[in-house]
Amino acid sequence: MRLVNTIVRYESSARPWRRLLEIAADHFPDTLADLAFLRTRGVKLELHVDDDRASYVVKLAGPDVHVVVEADRKAQGRTPLSEPLAALAADSQEHESADGRRLAREVATGALKLQHARCLCEGFGFKSFDVELARYREEIARSKAAAKKRPR
């Protein structure tokens with residue numbers, strides 16, 4: 001059995017729901033009405049990051065999800081809500097990778113302290129942070145070395 005960390009983290013609490021509804025509207029139109037209904041009922045979205053920080057799962061947390069909506073969807077043979085939630089998980093990974101790259105750029109240029117950036121990345125699966133930070137630092141070092149070699 002794999003242990004899973006529960007992390008609820010976004011720029012704003014509205015982002016996961018807003019993005020989920022956008023994904024549903026674009027790719028899963030038959031789920032849009034049910035998801036909008038659940039949002040009005042205050043159902044929470046939870047982002048679970050796997051221990052290896054390589055996969056994410058998004059879950060809807062609340063009694064309405066399984067009792068009211070999911071059972072009804074299954075009875076009608078419609079798309080389960082797990083499909084748009086999986087799409088949101090993939091979208092979250094892309095969002096966090098971009099955050100990791102942005103933080104690495106800020107650390108490399110001195111706009112942000114390394115310890116603070118690491119705290120922001122802790123537990124969120126920002127694998128891109130370390131890779132990008134090394135790349136930016138190498139780029140800056142090469143640029144400085146080239147500048148020293150140029151005649152004045």
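Colleague: Is Leu 112 buried or exposed?

Modeller: This is a predicted model. In it, Leu 112 is buried, because its relative accessible area is 18% and the cut-off for buried is under 20%.

Colleague: Where does Leu 112 sit, and which residues is it in contact with?

Modeller: Leu 112 belongs to the loop between helix 4 (82–108) and helix 5 (114–121). Set aside its neighbours within four places in sequence. Leu 112 is then in contact with Leu 103, Glu 106, Val 107 and Ala 117.

Colleague: Glu 106 is on that list. Which residue forms a salt bridge with Glu 106?

Modeller: Arg 102 does, with the closest N and O atoms 3.3 Å apart. Start with the general idea. An α-helix has 3.6 residues a turn, so residues three or four places apart point the same way. Now the case here. Glu 106 and Arg 102 are four residues apart in helix 4, so about one helical turn separates them. Glu 106 is partly exposed at 26% relative accessibility. Arg 102 is partly exposed too, at 30%.

Colleague: Which salt bridge links distant parts of the chain?

Modeller: Look at Asp 91 and Arg 19. Their closest N and O atoms are 3.1 Å apart. Asp 91 is in helix 4 and Arg 19 in helix 1, 72 residues apart. Asp 91 counts as buried, at 11% relative accessibility. Arg 19 is partly exposed, with a relative accessible area of 25%.

Colleague: How many salt bridges does the whole structure hold?

Modeller: A search finds nine. Some share partners: Asp 30, Asp 34, Arg 73 and Arg 78 are joined into one network.

Colleague: Asp 34 is also a buried residue of helix 2. How do I read that helix?

Modeller: Take span, then faces. Helix 2 (residues 29–40) has 12 residues and reaches 18 Å from its first C-alpha to its last, close to the 16 Å expected at 1.5 Å a residue. Its buried residues are Thr 31, Asp 34, Leu 35 and Leu 38. Seen down the axis, these fall within an arc of 100 degrees, so they line one face of helix 2. The face turned away from the buried side carries exposed Pro 29, Ala 33 and Thr 40. Just after helix 2, Gly 42 takes a positive phi of about 80 degrees.

Colleague: Which residues have the most contacts inside the largest nonpolar core?

Modeller: Trp 17, Leu 20, Leu 38, Leu 45 and Leu 60 do, in a core of 20 residues. Helix 1 (14–27), helix 2, strand 2 (44–50), strand 3 (56–61), helix 3 (63–76) and helix 4 each supply at least two residues of this core. Helix 1 gives the most, with four residues.

Colleague: What does Leu 60 touch?

Modeller: Leave out residues up to four places away in sequence. Among those Leu 60 touches are Trp 17, Leu 20, Leu 35, Leu 38, Leu 45 and Leu 85.

Colleague: Which residues does the second core include?

Modeller: Leu 103, Val 107, Ala 117 and Phe 129 are included in this separate core of 10 residues. Recall Leu 112: its contacts include Leu 103, Val 107 and Ala 117.

Notes. Residues are numbered from 1 along each chain as its sequence is written. This is a predicted model: local features need pLDDT of at least 70, side-chain atom pairs count only at pLDDT 80 or more; totals for chains, interfaces and linings use all residues. Side-chain values use heavy atoms; hydrogens and water are left out. The expected span of a helix is 1.5 Å times one less than its number of residues. Buried means under 20% relative accessible area, exposed over 50%, partly exposed in between (1.4 Å probe, protein chains only). The arc is that of the directions from the helix axis to the C-beta atoms. Contact means heavy atoms within 4.5 Å. A nonpolar core is a set of buried Ala, Val, Leu, Ile, Met, Phe, Trp, Tyr and Cys residues joined through side-chain atoms within 4.5 Å. A salt bridge is a side-chain nitrogen of Lys or Arg within 4 Å of a carboxyl oxygen of Asp or Glu.
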